[in-house]
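Here's a quick briefing to read with the structure open beside you. Take it topic by topic and look up each part as you go.

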Amino acid sequence: MDTKTYEVAPSAARLTGSLRDIGYDFPTAIADLVDNAITANAARINIYTHFEPNGSYVLISDDGDGMRARELIEALRFGTRRAYGKNELGRFGLGLKTGSFSQCRRLTVVTRTAPKRASFQVMTLDLNRVARSDRWDITVGETSTAIERAKDLLRESPGTVVVWEDLDRVLPERYAESGWGRRRLRSLASKTSQHLAMVFHRFIGGDVAGREEVIICVDDEKLRAWDPFAPNEPERKVLDEHHYEIETERGSSEVRFRGVVLPARDRFTSLEEFERLSGPLKWNRQQGLYIYRADRLVQHGGWSGLRGIDEHMKLARAAIDFDTDLDESFQINVAKMSVELPPALRQMLERPVQELCVLADDAYRRSANSGGRSDVTTKASKASETALRDVGIALKAAIMEDRSLEEFRGALSKLRQRLPELARQLEL
Ligand SMILES: Nc1ncnc2c1ncn2[C@@H]1O[C@H](COP(=O)(O)OP(=O)(O)OP(=O)(O)O)[C@@H](O)[C@H]1O
Ligand SMILES: [Mg+2]
């Protein structure tokens with residue numbers, strides 16, 4: 001006997017509304033489109049923001065593979081049906097739509113595949129239309145100033161341009177014509193530059209195996225990679241890399257951990273470099289874990305609950321790398337901006353993270369600037385207390401630098417048992 005069923009397809013009008021608020025901001029929404037361009041083998045990606053009273057738009061253009069008509073229709077479906085290879089950046093079939101509609105009401109994709117003929121596919125998904133018809137209909141061949149400019153960008157060769165119009169989230173109606181709106185768009189563009197330079201630094205810097213470097217420009221300004229690990233600073237300290245196998249239902253996959261202690265301010269090659277390496281959220285909040293999914297940064301700083309942010313640890317940064325077969329273990333979200341450490345990994349990372357922090361603390365204290373304003377949080381009232389703590393740190397740093405000191409480590413743990421008060425003062 002057949003089971004009786006009813007198909008209850010979601011209401012297009014209601015669902016598109018709620019899918020606008022799943023945690024993107026302007027830079028992260030653009031980053032999701034850059035993912036797509038990189039996956040389509042783009043070598044050059046341009047982001048343009050254009051302000052015009054009640055006619056502002058944003059273009060994200062790439063010189064990648066482009067899409068044929070069928071592919072474009074599928075690309076505009078919420079939940080694109082397709083398979084993914086290992087370490088492809090896409091996963092949910094949503095980013096193009098959810099990223100775009102988090103910022104605008106009208107999304108058009110202009111794309112071209114044929115290298116010889118300049119023939120374009122132009123398709124639009126418009127939230128006003130969806131709200132009226134309650135259907136997920138796309139329209140073909142729409143035109144506007146922005147769409148014509150997008151075609152111009154593809155005159156010479158194949159690629160794809162994503163067009164955002166009706167920027168209701170970026171420029172709410174009452175501001176859309178004012179100088180405030182112009183300034184806001186400019187400031188978002190500059191935040192986007194910072195964000196992309198960080199998130200895609202390995203791609204921009206040519207550090208991804210088997211890939212030429214990717215050029216990304218925002219309003220014609222070419223981005224310079226922002227590598228949180230300051231690879232050109234001779235005084236930085238790179239710790240040994242650790243590898244961990246994480247089990248999944250389909251086998252296991254490797255996670256890599258590499259800690260780096262950055263030089264303190266007075267050991268940097270220049271003050272400009274020190275300021276630049278501070279990063280979008282500045283030194284203190286940029287300490288911690290930099291988690292890469294298939295070479296694309298999905299978390300930049302913070303300790304994922306392993307410990308708290310601490311001024312003394314601000315020189316500590318660590319890269320964690322995982323492949324897309326661990327997406328579920330890391331609970332990657334649609335906006336690709338949040339992950340959870342798998343519990344097994346969390347446990348294994350405790351010790352190397354602590355080692356890194358001890359060394360970072362040591363580097364910070366040894367620097368000429370550590371006694372300055374920033375250090376008021378330490379309870380330096382009693383000089384002896386501080387001195388004892390420093391001795392403790394020096395001891396721990398010595399153990400870590402020389403692995404042959406295992407016995408010494410044992411002696412310290414005895415000391416901890418017998419003289420707990422002294423151990424506490426030494427912060428062992
Ligand atoms: N710039 C582009 N060039 C070529 N194809 C693209 C481009 N942007 C999107 N596509 C196609 O559209 C599909 C849907 O993109 P979308 O970002 O919505 O989902 P996804 O990348 O598959 O997954 P995710 O939701 O994780 O980003 C992609 O899988 C890709 O096939
Ligand atoms: Mg995508």
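Of the 428 residues in this chain, 48% count as buried, where buried means under 20% relative accessible area, exposed means over 50%, and partly exposed is anything in between (1.4 Å probe, protein chains only). You're looking at a predicted model, so local features need pLDDT of at least 70 and side-chain atom pairs count only at pLDDT 80 or more, while totals for chains, interfaces and linings use all residues. Residues are numbered from 1 along each chain as its sequence is written, chains are lettered from A and ligands numbered from 1 in the order in which they are written, and side-chain values use heavy atoms, with hydrogens and water left out.

**The whole chain**

- The chain has 15 helices and 14 strands; helices (H or I, at least four residues) and strands (E, at least two) are DSSP runs, numbered from the N terminus.
- Along the principal axes, the C-alpha atoms fill a box of roughly 80 × 65 × 40 Å.
- Take the contacts (heavy atoms within 4.5 Å) in the chain with a separation of 6 or more: 69% of them are between residues 24 or more positions apart.
- The accessible surface comes to about 21800 Å², and 48% of that belongs to carbon and sulfur atoms; the areas come from the Shrake-Rupley method with a 1.4 Å probe, and for residues only the protein chains shown count as cover.
- The chain carries 65 positive and 66 negative charges, and their mean positions are 3 Å apart.
- For that charge count, Lys and Arg are positive and Asp and Glu are negative, with His and the chain ends not counted; each charge is placed at NZ of Lys, CZ of Arg, CG of Asp or CD of Glu.

**The eight-stranded sheet**

- An open sheet is built from 8 strands in the order E5-E4-E3-E6-E2-E1-E7-E8, with mixed pairing; two strands pair if DSSP finds at least two bridges between them.
- Strand E5 (139-140) and strand E8 (221-222) stand at the edges with a single partner strand each, so one side of each has no neighbour in the sheet.
- Strand E2 (residues 57-62) and strand E6 (residues 159-165) run antiparallel and are joined by 6 bridges.
- Within this pair, Asp62 sits opposite Thr160 in E6.
- Helix H2 (residues 26-39) packs on the sheet, where it touches strand E1 (44-50), E2, E6 and strand E7 (215-218).
- The direction of H2 makes about 150 degrees with that of E1; axes are lines fitted to C-alpha atoms, for helices over the stretch in contact, and angles run from 0 to 180 degrees between N-to-C directions.
- Helix H6 (residues 145-153) lies across E1, E2, strand E3 (106-112), strand E4 (121-126) and E6, and runs at about 20 degrees to E2.

**A hairpin elsewhere in the chain list**

- Strands E10 (residues 242-248) and E11 (residues 251-261) run antiparallel, with 7 bridges between them.
- A hairpin of 2 residues links E10 to E11, and Ile246 stands opposite Ser253 in E11.

**Buried residues to look up**

- Gly99 is in helix H4 and counts as buried, at 0% relative accessibility.
- Leaving out residues up to four places away in sequence, Gly99 touches Tyr24, Ala29, Leu94 and Trp164.
- Thr80 lies in the loop between helix H3 (69-75) and helix H4 (95-101), and at 17% relative accessibility it counts as buried.
- Not counting residues up to four places away in sequence, Thr80 touches Glu74, Ala75, Gly93 and Lys97.

**Two asparagines with positive phi**

- Asn41 is in the loop between H2 and E1, and has a positive phi of about 65 degrees although it is not a glycine.
- The relative accessible area of Asn41 is 48%, so it is partly exposed.
- Asn54 is in the loop between E1 and E2, and its phi is also positive, near 55 degrees.
- Asn54 has a relative accessible area of 56%, so it counts as exposed.
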